[in-house]
There are 2 protein chains.
Amino acid sequence: MAAMTKEEPTAPPVATREGEARSAVAEARKAGRSIAFVPTMGALHAGHTSLIEAADKGGAFVVVSIYVNPTQFGPMEDFNEYPRTLDADREASARAGADLIFAPAHDEMYPPGDQTRVRPGPLSEPMCGAFRPDHFEGVCTVVAKLFNIVHPDVAYFGQKDAQQAVVLRRMVRDLCMPIQIEVCPLVREEDGLAMSSRNAKLTAAQRKQALCLYKALCTARDRLMAGEQTIGGIIAAMRDTIMESGPAEIDYLSIVDPETLEPARKPAGLVMVAGAIRIGETRLIDNMLVETIRD
Amino acid sequence: MAAMTKEEPTAPPVATREGEARSAVAEARKAGRSIAFVPTMGALHAGHTSLIEAADKGGAFVVVSIYVNPTQFGPMEDFNEYPRTLDADREASARAGADLIFAPAHDEMYPPGDQTRVRPGPLSEPMCGAFRPDHFEGVCTVVAKLFNIVHPDVAYFGQKDAQQAVVLRRMVRDLCMPIQIEVCPLVREEDGLAMSSRNAKLTAAQRKQALCLYKALCTARDRLMAGEQTIGGIIAAMRDTIMESGPAEIDYLSIVDPETLEPARKPAGLVMVAGAIRIGETRLIDNMLVETIRD
């Protein structure tokens, strides 16, 4: 359902039960439409809506799921505080072209006695995985469940969660799921801050400070593109950029192969510069793909 | 394809690639047929063919997979020695009503870099799980892959592998797979030995001795049905039956709730008597459902 006019499109129906979602998808398939899927945790921003818009392009029936998945949060993390804004999300989804919102009740996703998990492998271990030990297992588990309900032809994820996209692409291949994974570009605020539902939790001062992560990535990008070869030196400069901004904790700053997520020993070809920091209670991640000179 | 006459039915085609299997299944679906699936490791015996026959009953398109799955064998187990008899299996499948055999090449099931696993929960821990630590993770992983290729409406498993059936039923529910799991009765040799592809590895003397497991289950059944309440006493009698038969190692002898697999403290209603023993290099399992008197 493309928003062809300036009129406000009708907000899509919200399915809360697995059976409702399955029926709506089956009906769309029967009508000859392919199924595109955008799984989200809600609190939609322009990053999410860019995914919905991309999904809406080829005329597919677009399903947006909204579910704050408990198993991808650690015990000390912000599951309870994660923003929940269903009404606004529904409107934003409508404007972006969603045909169905699937906002499952908790017991649809985790029925009584639930105990099976989809466990990713080594790709889930570095970077965010090193600081959020069960995070990607939670992500894989809930996405597998959602995929098994929606059965999409194609699913859209943001490059902002770069490691998530790599881990899920691997999951889909390993578990023989006939689903194409599309990864869309990261969307930034005007000043460069990566859009995130968690940005809403920053105070005005923290919001200002938060830009340091983007600046650190830009520093790395500029040095890499200028031909600098010393990864250690580049990461030290990124660290300085973060620490000069004010009180922040660095989880990691890395320059890696964007497919294997292994540290780039020497920049050659496409690399990913990525980082995670914490400002106050808020954890922020960001990354940038950089085309360096091949030998 | 039901074997309606005494003529030998044509052996079903064998797909070795994921794409071939998907196409054949898609074509059957297009023709309005539902899809029934019998996953096996080959070396088919009357237990397996009873599953194929059950699958063939409602007129479904019957897919039989034959794949000796390495991830469900422990490092010291008999993966390399497991019997492989594809030609005979193909004929037996044909006679039982299979429409397609899917005998995937190894790299179809475990592509290069494969690392994702489906991890079952507490239901996989007692009984066989206690002696084969990664076995059920391997089973869940390969069955999830196969389900994602075949997309059956219904899948058939044998009660012989009772814990497997319980774990897979849980997996299907937890991962929101729209697949019905049917569990068919255990099939025995004339003297009572549970049919198993591993029976072929027994020497004549071991084959004779192997009956002790069935006898131990019968002992338990008879005592339970006579109203005996002392689980410890019944299991001791089972143990005596095994040990009197000759040199054998007992992995476990248990009386459990057939759904939760928790030890029955006091027999009431339906219980499962189950055991695993090793005779020489060969591991044998067996079980029996017993309806005891409810309070």
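View 1. In β5(B), B:R117 is the bridge partner of A:R119. The model is predicted: local features need pLDDT of at least 70, side-chain atom pairs count only at pLDDT 80 or more, and totals for chains, interfaces and linings use all residues. Residues are numbered from 1 along each chain as its sequence is written, and chains are lettered from A in the order in which they are written. Strand β5 of chain A (residues 117-119) and β5(B) run antiparallel and are joined by 3 bridges; two strands pair if DSSP finds at least two bridges between them.

**View 2. The side of chain B that touches chain A.** The contact takes 24 residues from chain B and 24 residues from chain A, two residues being in contact if their C-beta atoms, placed from the backbone, lie within 7 Å. On chain B, the elements giving two or more residues are β5 (117-119), α6 (135-150) and α7 (162-174). Helices (H or I, at least four residues) and strands (E, at least two) are DSSP runs, numbered from the N terminus. The largest share, 5 residues, comes from α6(B).

**View 3. Chain A.** Chain A has 9 helices and 10 strands. Its C-alpha atoms fill a box of roughly 55 × 40 × 40 Å, taken along the principal axes. Of the contacts in chain A with a separation of 6 or more, 71% are between residues 24 or more positions apart. Buried residues make up 46% of the 295 residues in chain A; a residue is buried if 20 or more other C-beta atoms, placed from the backbone, lie within 10 Å of its own.

Terms used
A residue is buried if 20 or more other C-beta atoms lie within 10 Å of its own, exposed if 12 or fewer, and partly exposed in between; C-beta atoms are placed from the backbone.
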